[in-house]
Amino acid sequence: MERTFAMIKPDGVRRNLTPEILARIVRKGYRIVGLKQMVISRETAQAHYAEHKERPFFGELVDFITGGPVVAIALEGENAILGWRGMMGATNPANAAPGSIRADFATTTGENVTHGSDSPESAERELGLFFSEGELL
Ligand code: ATP
Ligand code: MG
């Protein structure tokens with residue numbers, strides 16, 4: 001069974017979208033194997049988004065993701081990596097498929113409510129960054 005790392009970003013938590021997003025995950029049939037609300041340190045944020053460190057929006061991205069509590073989620077299910085990316089929709093909400101989380105709840109690329117790992121390698125790395133072995137049940 002495949003595992004992926006999902007996150008409700010600070011905008012989603014601030015807007016009280018946590019229950020709605022968790023309900024969608026449960027209805028889809030994924031198993032939640034890890035869940036915690038936390039504030040991300042700058043160090044963890046920089047590691048999490050290391051692939052973007054040369055991009056012009058990197059500083060803003062780190063400020064945003066550390067600017068309030070997030071909900072870190074480890075999901076398990078068949079094809080969970082691509083499946084969760086599909087549920088989120090495209091990075092820019094303007095391009096997100098109707099009915100996806102970003103289409104339904106976001107208007108800007110910078111604050112797009114959720115994160116999802118984009119490959120098996122990212123999923124393993126990100127799960128390791130946010131959860132210790134004993135926290136995944
Ligand atoms: P995430 O990694 O957060 O799940 P993603 O994989 O859909 O999103 P990435 O290309 O990895 O998109 O970009 C990471 C995040 O950086 C985006 O979710 C968005 O918040 C921010 N971002 C990406 N491109 C831009 C941009 N052009 N301007 C501002 N912010 C951006
Ligand atoms: Mg990404």
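Two residues are in contact if their C-beta atoms, placed from the backbone, lie within 7 Å. I wrote that down before anything else, and then I noted that this is a predicted model.

**Entry: contacts along the chain.** I looked at contacts in the protein chain with a separation of 6 or more, and residues 24 or more positions apart account for 71% of them.

**Entry: overall build.** I found 7 helices and 4 strands in the protein chain. Reading along the sequence, I get the pattern β-α-α-β-α-α-β-α-α-β-α.

Entry: As for burial, 35% of the 137 residues count as buried.

Entry: I placed H115 in strand 4, which covers residues 114-116. Is H115 buried or exposed? H115 has 22 C-beta neighbours inside 10 Å, so I count H115 as buried, because the cut-off is 20 or more. Leaving aside neighbours within four places in sequence, I see H115 in contact with A6, M7 and K9.

**Entry: ligand 1.** Which residues are around ligand 1? My list reads H52, F57, L61, T91, T109, G110, N112, H115, G116 and D118. So H115 turns up here too, because that list around ligand 1 includes H115. I sorted the shell by type and got 2 nonpolar, 7 polar and 1 charged.

Technical notes. Residues are numbered from 1 along each chain as its sequence is written. Chains are lettered from A and ligands numbered from 1 in the order in which they are written. This is a predicted model: local features need pLDDT of at least 70, side-chain atom pairs count only at pLDDT 80 or more; totals for chains, interfaces and linings use all residues. A residue is near a molecule or strand if its C-beta atom, placed from the backbone, lies within 6 Å of it. Ala, Val, Leu, Ile, Met, Phe, Trp, Tyr, Cys and Pro count as nonpolar, Asp, Glu, Lys and Arg as charged, and the others, Gly among them, as polar. Helices (H or I, at least four residues) and strands (E, at least two) are DSSP runs, numbered from the N terminus. A residue is buried if 20 or more other C-beta atoms lie within 10 Å of its own, exposed if 12 or fewer, and partly exposed in between; C-beta atoms are placed from the backbone.
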